[in-house]
Each structure stands twice: as C-alpha cells, then as structure tokens.
There are 2 protein chains.
Amino acid sequence: MNKSLSHADVKVGDTLPALTLPAIGRTTLALYAGASGDHNPIHIDIDFARRSRMPDVFAHGMLSAAYVARALTDWAPQRQLRSLALRFTGITHLGHRPTCSGRVTETFEAGGERRARVELRCANQYGEDKIVGEAVLALD
Amino acid sequence: MNKSLSHADVKVGDTLPALTLPAIGRTTLALYAGASGDHNPIHIDIDFARRSRMPDVFAHGMLSAAYVARALTDWAPQRQLRSLALRFTGITHLGHRPTCSGRVTETFEAGGERRARVELRCANQYGEDKIVGEAVLALD
C-alpha cells in the first residue's frame, strides 16, 4: 500500500512517477478480453480486424485507461481519488509501449477538503498521445 | 438438467446424441485462454505460433476435451460419471468444426452398481479424429 498523500507533499508542477508498460502483444489482448468481458473480436482476431479494414488487431482503449489508473494509484491511495475523466485520442497498436504520466496542475479547496487536480496522459514510445485526461485527488 | 440414465435405458451399441460445435475461431481461443488459465501464446498469438514453426494458432487440447465432456453430460448427469479418460490424436486448427460422439461398448457390474462403458471421440468435419477415449457411467 502506498502511503497517503498529504497537502504538504503536493504542489503545482509535481509529476507522478511515470509508468512504462511492456509492448502491447496479442497475448495481453487475448487475456484482457476475457478479464474485462469485452469480447469484441477486433482486439483478438486478426482476420476479423482485416475484414474491418484495420491492418491488425489493436488494444482495447480501456486497457490503456487501466494503465493510467494504475499510474495514479501507484502514486496515491485509491481512497483519495475523487474523480477520473479520460478521453481516447488515438489507437494503441501492437508493439506500442504505453507510458503513463501525470502532473499536478492545481491545488484547491472543495467539499471541505484540500484537493489536487492532476493532468494525465498515456503516450506510446513515439510520443503519440493515446489518452489524455485528469483526476482530482483529496489531500490528507 | 438431463434426466438420469437407468439400466433399462442403455444397451450396447447405443449412441450419444452427437454434439457439433461452431468452427474454431480466434475469439473462442482468446476467451478460452483466460477462462482456463492456459495462457500459452501458441493458441492466441499468430506471431508466436509462426516463430514456433506452426502455420497459425491452434486450439487448446483441453477445449476439445471439454466439448467431449459436454456431449457426455448432455446425455447423462455428471453425478453418474465414474471415470473419463481421453487421448489427443491430432491438432484442431482454426476453421475445424468439432463433432463429439460416443457409443456404448459394454455394460457390466462393478462397485455394487450397474455400469456402462462409452467409447468417445471428437473429430473435425473431415472425419479426422482429434480425441479418442472412454467414460464409465453408473446406471440407476
């Protein structure tokens, strides 16, 4: 369990430790299909993907979203999370290595507590953004 | 729930209703990898399969074995099953349509009950055997 994040620990401009994942492979996508309940063959069946005019299968968006959430909860306990909003901006193809990162953009008072706003992104090894978004965390 | 099998119902030469499955596809194999815990990439990653000198991914042997067991328990309640022994005799490739069938070869007394021996097989649409084996069932 990571330790709780206090208001003394966090200031605007702070960055989360980046989380870099192994290259996306077919096995990961096959197992994620079962684990997530998203059985769309576009992610696991190369023949179906090609019939759908894609060059190959590609990653579930929610898989990368889960990686972003992991980067966040590696940094702060989940109980401190107040909101998480993500937007998909590109396709994660086989062989892409996702790196999830974040940066504190604001600290403020709301709901009777001190909070921090964190800008989040997930990019591949070529610096192409695949997910952007933000989280709000309560600070102890 | 299928009804129990009594000794009056079963005689040598009887056949089980054949169970024919849809053609084996990549999605089925991806989901079976997660469901079974057998994450061997040879069944779900075409690149890995080709590096392993196979033309493509192919079905988990235990998937076909599960189909054989389903044909059996569609015919007799599982509580009547005393033994099940299967042997793999060939590779089930993508596009193969498994048909599981069985035939009563013997009835006999053992363990204080009447039993039936059932010869089982799973073949593809070309009549190529992929699994052969036998089960012993207790008869009510």
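Here is a quick briefing on the two chains in this structure. It's a predicted model, so local features need pLDDT of at least 70 and side-chain atom pairs count only at pLDDT 80 or more, while totals for chains, interfaces and linings use all residues. Residues are numbered from 1 along each chain as its sequence is written, and chains are lettered from A, with ligands numbered from 1, in the order in which they are written.

**Chain A on its own**
- Chain A has three helices and five strands; helices (H or I, at least four residues) and strands (E, at least two) are DSSP runs numbered from the N terminus.
- Along the sequence, the pattern of chain A reads β-α-α-α-β-β-β-β.
- Its C-alpha trace spans about 55 × 30 × 25 Å along the principal axes.

**Where the chains meet**
- 14 residues of chain A are in contact with 14 residues of chain B, contact being C-beta atoms, placed from the backbone, within 7 Å.
- On the chain A side, helix H1 (26-36) and helix H2 (46-51) each supply at least two of the touching residues.
- H1(A) gives the most to that side, with seven residues.

**The sheet in chain B**
- Five strands form an open sheet in the order E1-E3-E4-E5-E2, with antiparallel pairing; strands pair if DSSP finds at least two bridges between them.
- Strand E1 (19-20) and strand E2 (81-88) of chain B sit at the edges with a single partner strand each, so one side of each has no neighbour in the sheet.
- Strand E3 (residues 99-110) and strand E4 (residues 113-123) of chain B pair in the antiparallel sense over 11 bridges.
- B:Ala110 stands opposite B:Glu113 in E4(B).

Note on methods. Contact = placed C-beta atoms within 7 Å.
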